[in-house]
Amino acid sequence: METTPEQSAADGRISFWRRLFFSIAVLWPALSADAATLDNLFFLHHSTGGGLISGGMRETIAGYNAAHGTAFAFWDHGYNGEGLRDASGNFTGNSYEIPGDNTDPDGLYYLWTSANDDAAACRGKILANHGVIAFKSCFPAANIPDEATLNQYKAWYLAMRDVFDRHPDRLFVVMSTPPLHRLATDAAQANNARLFANWLKSSEYLSGRANIVCFDLFDCLAGNDHMLKYEYENSHDSSDSHPNATANQTVGPLFANFLIASALNYNSPPSRPAVPIIKANGARGELTVNSAEPVSVTVEITANDYAGTAVDWWLVGYAHSYGWHYGLSWTPFNGDLGICQPAYQGKLFNLSAMPVMDRWLLPPGIYDFWFAVDYPMDAILDLNGTILIDTVRVVVE
């Protein structure tokens with residue numbers, strides 16, 4: 001039987017909710033915090049990164065360890081000819097053989113996503129040996145001449161993000177590019193570089209992910225004109241875009257402390273997420289009743305370690321023959337989730353089974369109900385953010 005456009009749209013929305021419910025992406029970020037202690041810090045870089053390290057990164061990390069009794073170890077990998085340095089800053093004589101020695105955005109995309117042997121072998125070593133993985137392109141990548149190039153950068157980094165999602169036991173630190181010297185760029189290119197840096201640290205890219213953070217190196221080094229700060233230039237007369245010693249001594253410790261803080265934060269979330277539950281006549285999943293049997297729907301919450309967290313609470317229903325409804329009053333709407341209003345806003349607490357539909361006689365048909373909580377509390381049903389959902393289906397015969 002041919003379906004109408006309205007039926008197709010409704011089926012699509014139902015399918016989306018069900019995919020979301022069964023997807024690992026809906027799990028509270030704390031579920032990805034089962035990684036081993038992330039005390040092995042790794043930095044993949046070229047020359048500008050080497051400057052940051054010489055600006056005091058290892059000294060900063062050693063000082064933190066001495067003051068706090070921690071054991072953070074900082075390893076780094078420059079050009080393939082230099083290879084891997086250990087926590088003491090000594091060259092190990094080993095190289096991860098970065099494919100093409102390329103850490104520009106296209107090279108990073110190849111490293112993290114390609115199924116070819118060289119990429120798979122390289123990233124396998126990185127993932128096996130390090131817990132916190134930071135990587136950057138060098139300043140030539142800040143030459144972003146047009147919107148097409150900017151969009152290509154975004155596409156590459158989104159593909160990399162898909163890989164990072166499959167490794168919740170590792171913390172990935174994406175870094176914006178260093179800015180170019182004012183004599184090596186123009187206003188349009190510099191503005192595009194700023195746009196890319198802003199996007200990389202935005203919720204659009206990070207999207208509630210606990211195991212991806214962004215260190216905005218561009219913002220640390222760039223002035224209001226989106227070019228390398230005048231006081232950070234090696235020379236005011238040549239276009240060399242390498243930041244000077246003052247820049248390295250300023251930003252290097254900031255980056256080191258960012259790595260430490262990010263690792264500590266990723267290890268610190270509580271391990272037991274909140275659990276929303278929705279039931280029909282005391283049953284979860286799916287229930288079949290006859291039309292003479294009243295239906296009661298209840299919702300409950302086990303807050304666990306997230307008690308006190310301010311969230312939005314959502315209630316949505318779809319009666320296949322009668323349309324969409326939301327909230328405690330079951331307000332009808334057209335299926336556009338942007339129209340929905342929270343059923344409640346406030347801190348998570350342990351909620352015993354509470355009726356949201358009490359002994360209703362429903363006509364024959366199929367009825368789907370969803371109960372969700374999402375963070376932050378902003379009255380926006382953010383399906384790309386941090387959300388937990390439970391669902392129940394009632395079939396009335």
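This is a short chat about a predicted model of a protein chain.

Reader: What should I know about the model first?
Author: It is predicted: local features need pLDDT of at least 70, side-chain atom pairs count only at pLDDT 80 or more, and totals for chains, interfaces and linings use all residues. Residues are numbered from 1 along each chain as its sequence is written, and side-chain values use heavy atoms, with hydrogens and water left out.

Reader: How many helices and strands in the protein chain?
Author: Nine helices and 16 strands. These are DSSP runs, with helices H or I of at least four residues and strands E of at least two, numbered from the N terminus.

Reader: Where does Arg123 lie?
Author: In helix α4, residues 117-129.

Reader: Is Arg123 buried or exposed?
Author: Buried, meaning under 20% relative accessible area, where exposed is over 50% and partly exposed in between (1.4 Å probe, protein chains only). Arg123 has no salt bridge (a side-chain nitrogen of Lys or Arg within 4 Å of a carboxyl oxygen of Asp or Glu). The nearest side chain of opposite charge, Asp118, is 7.5 Å away.

Reader: Which backbone oxygen does the Arg123 side chain reach?
Author: That of Leu111, at 2.9 Å. The backbone oxygen of Ser114 also lies 2.7 Å from a polar atom of the Arg123 side chain.

Reader: New topic. What is the phi of Asn281?
Author: Positive, about 50°, although Asn281 is not a glycine. Asn281 lies in the loop between β7 (275-280) and β8 (285-289). Asn281 is partly exposed, at 32% relative accessibility.

Reader: And where is Trp330?
Author: In the loop between β11 (323-326) and β12 (331-333). Trp330 counts as buried, at 9% relative accessibility.

Definitions and conventions: Lys and Arg count as positive and Asp and Glu as negative; His and the chain ends are not counted. A polar contact is a pair of N or O atoms within 3.5 Å; within protein, one must be able to donate a hydrogen and the other to accept it, and residues adjacent in sequence count only if both atoms are side-chain atoms.
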